[in-house]
Amino acid sequence: LQQVMEVRTASGLQCLSVGEAQTVVIAGMGGATILGILAERPDITKAVETFVLQPMNAESLLRQWLSENYFAIREETICQENGHFYIILQAVPVAQQQRLSEIERELGPCILHNKPFFGRKYGAEKAKRFRKLLAQMAVSETARQSKKYKIIQELLLQFEELLSAAD
């Protein structure tokens, strides 16, 4: 394996030079941390051919950043362990920005369009979290009037429509 790849440990992409790596794996940390690593070295980030990313949370935030920074999500996989869902995605730099809808940012464009079995389970889990979040926000008039509340309501409705169509 050492003849095929080289493993390095460093803070973010600091140990790389431009054009040195074709594929970079960043896994086991939050989506915000991953996007921070990618944003910190745009010279390196744009030169990498493929990123394999596994955010522990904030997947939608990471997908949004990738979209806004001219990366396309080419593939997504859902893994489930001990009742928790993990997303692994492949992102590649592109010339034209991949625009994502709200539901594509939340569920993932590949997961949404391919609708695998775990996609339904993952969607049901996300819908459950949205219901809980809306219930928490509902106690505050300010929160109920917020744009975020309305977006979450709309996402929940879309998730429920997808889930009922899948049955």
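β3 and β4 pair in the antiparallel sense over 10 bridges.

Me: What kind of model is this, and how are residues numbered?
Reply: It is a predicted model, with residues numbered from 1 along each chain as its sequence is written. Local features need pLDDT of at least 70, side-chain atom pairs count only at pLDDT 80 or more, totals for chains, interfaces and linings use all residues, and side-chain values use heavy atoms, leaving out hydrogens and water.

Me: In which sense do β3 and β4 pair?
Reply: Strands of a sheet pair through backbone hydrogen bonds, either parallel or antiparallel. Here, two strands pair if DSSP finds at least two bridges between them. Strands (E, at least two residues) and helices (H or I, at least four) are DSSP runs, numbered from the N terminus. β3 and β4 are antiparallel. In that pairing, F71 has P93 in β4 as its bridge partner. The two strands form a hairpin with 2 residues between them. N82 in the turn has a positive phi of about 50°.

Me: What is the strand order of the sheet?
Reply: The sheet is open, has 4 strands and runs β1-β2-β4-β3, with mixed pairing. β1 (23-29) and β3 (71-81) are the edge strands, each pairing on one side only. On average, neighbouring strands are turned by 15° against each other, direction ignored.

Me: Which way does β2 run against β1, parallel or antiparallel?
Reply: Parallel: 6 bridges join β1 to β2 (residues 50-55). A27 has Q54 in β2 as its bridge partner. Against β4, β2 is antiparallel, with 3 bridges. L53 stands opposite L89 in β4.

Me: Which strands does α1 touch?
Reply: Contact means heavy atoms within 4.5 Å. Helix α1 (residues 31-40) packs on the sheet and touches β1 and β2. Its direction makes about 150° with that of β1. Axes are lines fitted to C-alpha atoms, for helices over the stretch in contact, and angles run from 0 to 180 degrees between N-to-C directions. Helix α3 (residues 59-68) also packs on the sheet, touching β2, β3 and β4 (84-93). The direction of α3 makes about 165° with that of β3.

Me: How do α1 and α3 cross?
Reply: Two packed helices are described by the angle between their axes and the distance between the axes. The axes of α1 and α3 come within 8 Å and cross at roughly 25°. So α1 is roughly parallel to α3 (angles under 35 degrees). Residues of α1 including L35 and L38 meet α3 residues including L62 and W65.

Me: Which residues have the most contacts inside the largest nonpolar core?
Reply: A nonpolar core is a set of buried Ala, Val, Leu, Ile, Met, Phe, Trp, Tyr and Cys residues joined through side-chain atoms within 4.5 Å. Buried means under 20% relative accessible area, exposed over 50%, partly exposed in between (1.4 Å probe, protein chains only). The largest core has 41 residues; V24, I26, L38, F51, L53 and L66 have the most contacts inside it. Helix α8 (residues 147-166) gives the most to this core, with 6 residues. L38 touches, among others, I26, F51, L53 and L66, not counting residues up to four places away in sequence.

Me: Where does A58 lie?
Reply: A58 lies in the loop between β2 and α3. Its phi is positive, about 55°, although A58 is not a glycine. A58 is partly exposed, with a relative accessible area of 28%. Y70 lies in the loop between α3 and β3. Y70 has a positive phi near 65° and is partly exposed at 35% relative accessibility.

Terms used:
Angles under 35 degrees count as roughly parallel, over 145 as roughly antiparallel, 65 to 115 as roughly perpendicular and the rest as oblique.
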